[in-house]
Amino acid sequence: MTLFTHPEDEPLAARMRPLTLEDFAGQEHLIAPGKILHRIIESDKIPSMIFWGPPGVGKTTLAGIIAHKTHAAFINFSAVTSGIKDIREVMKQAEANKNFGERTILFVDEIHRFNKAQQDAFLPFVEKGSIILIGATTENPSFEINGALLSRCKVFVLKALSVDDLMKLLRRGVSVLGVSAGDDILRAMAVFANGDARSALSLLEMASMNSENNTITPEILEQCTSRKSLLYDKNGEEHYNLISALHKSMRNSDPDAAVYWLARMLEAGEDPLYIARRIVRFASEDVGLAEPGALSMAVAAYQACHFLGMPECSVHLTQAVIHMSIAPKSNALYLAYNAARDDAMNSLAEPVPLHIRNAPTRLMRELNYGKGYKYAHDYDEKITDMECLPENLQGREYYTPTEQGSEAHYKKRLENIRKWKANNKPKL
């Protein structure tokens, strides 16, 4: 702090960053009284842990609350600006703290940015208790953090903030800024922020700077978001109406209507990943083996949305939506699973036939596990007459392919398989 530094010069999100759990917004499943993270922080018995969640949900804020609450030395570390040399210096400091009986908590923001060697540098110090590691990441820790390090950390999954959570924050922000805004304005901001507190407060701050007579109007909000008045509550009825319209337009092979509903959702601020997930489901539920490439197209569109975000990913979603609309349709996979599920739920106690059980031990082999199993690759036709369903379900057929697109090929192949098995069925 200097003579030329003023707290009001900080971004609103920084000024409003809470120092206690009572002021923290969202994540009730973790920090409500009696919940695991609340107990850990209040008791100051901090284990090594990873905070995993989307941007702006409180990962760094939780670390700040721990720093404020703990009696341990707290070191803030950035994976973006630090290297192996910096890690070694911090570890040296932590070792010195340990010799004096002081715990060291090391917070690493964006820990997924560290490569394997950098992550490995933490491991021995975590193992021997020189440091308590707290990492924050927006990426799946299973893929981005070394297994050995991850196994020594408790992973806490933080969720995107709800519209109500964001509105509570925005009401406090309005008070801090000394401006006025109706609940409809704040709700539109909350919806636009898409679960991100930092984004919501930044939008509020921008709108307040452009307000007239300290009042934020719909026109000002529209200018700040560059969006028309299409914003809608993503948890409300219109959300489900629009995704239903998109899904049914694709199912009815109407690409023009499908792209229109896609645009309606995206321009209203809908999460592109939500739409992409629905398209992935559609690819198997409504297209299936009639066009096997549909699933690959849908997954690729989801990945593109993850990599790029809006507005760039709109064209990838358009490609996927038009592909699904034009593709031949089959719901045979959907019907097959539902039929099999009904039988499975009514026969959960049915034992797996002995001949298709795994037999990794001598005792299991002595109990006839795997006895009579026929390895299909040992036969010329690559098929055997072996029954794989439980005895009281033998003969059941769940998958009924259609003649649509590529599924006609699968239908012919399945008919040949079933015909061969019928002709070669063991005689009792």
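Asn214 lies in the loop between α11 (197–209) and α12 (218–225). Helices (H or I, at least four residues) and strands (E, at least two) are DSSP runs, numbered from the N terminus. The model is a predicted one: local features need pLDDT of at least 70, side-chain atom pairs count only at pLDDT 80 or more, and totals for chains, interfaces and linings use all residues. Residues are numbered from 1 along each chain as its sequence is written, and side-chain values use heavy atoms, with hydrogens and water left out.

**Backbone details**

- Asn214 has a positive phi of about 60° although it is not a glycine.
- At 46% relative accessibility, Asn214 is partly exposed. Here buried means under 20% relative accessible area, exposed means over 50%, and partly exposed is in between (1.4 Å probe, protein chains only).
- Asp44 also has a positive phi, near 55°, in a residue other than glycine.
- Asp44 sits in the loop between α3 (36–43) and β1. Its relative accessible area is 13%, so Asp44 is buried.
- The peptide bond from Met310 to Pro311 is cis, with omega near 5°.
- Pro311 is in the loop between α16 (293–308) and α17 (314–326).

**Overall build**

- The protein chain has 20 helices and 5 strands.
- Its radius of gyration is 29 Å, well over the 22 Å that the globule rule gives for 428 residues, so the chain is more spread out than a compact globule. That radius is taken over C-alpha atoms, and the rule is 2.2 Å times the number of residues to the power 0.38.
- Along the principal axes, the C-alpha atoms fill a box of roughly 95 × 60 × 40 Å.
- Of the 428 residues in the protein chain, 41% are buried.
- Contacts between residues at least 6 apart in sequence join residues at least 24 apart in 71% of cases. Contact means heavy atoms within 4.5 Å.

**Surface and charge**

- The protein chain exposes about 24000 Å², and carbon and sulfur atoms supply 53% of it. Accessible areas come from the Shrake-Rupley method with a 1.4 Å probe; for residues, only the protein chains shown count as cover.
- The 49 positive and 53 negative charges have mean positions 8 Å apart. Lys and Arg count as positive, Asp and Glu as negative; His and the chain ends are not counted. Each charge is placed at NZ of Lys, CZ of Arg, CG of Asp or CD of Glu.

**Aromatic pairs**

- Rings of Phe, Tyr and Trp (its six-membered ring) pair if their centres lie within 6.5 Å; planes under 30 degrees apart are stacked, over 60 edge-to-face, and the rest tilted. The count comes to 4 aromatic pairs.
- Phe51 and Phe156 have ring centres 6.3 Å apart and planes at 50°, so this pair is tilted.
- The pair links distant parts of the chain: Phe51 is in strand β1 (residues 49–52) and Phe156 in strand β5 (residues 154–157), 105 residues apart.
- Phe51 is buried at 0% relative accessibility. Phe156 is buried at 2%.
- Phe114 and Phe122 form a tilted pair, 5.7 Å centre to centre with 55° between the planes. Both residues are buried.
- Ring pairs link Phe77, Phe114 and Phe122 into a cluster.

**Two residues and their contacts**

- Thr61 lies in helix α4 (residues 59–69). At 11% relative accessibility, Thr61 is buried.
- Leaving aside neighbours within four places in sequence, Thr61 contacts Arg17, Pro18 and Phe24.
- Tyr379 is in the loop between α19 (362–366) and α20 (407–423). Tyr379 is partly exposed, at 34% relative accessibility.
- With neighbours within four places in sequence left aside, Tyr379 contacts Lys374 and Thr384.
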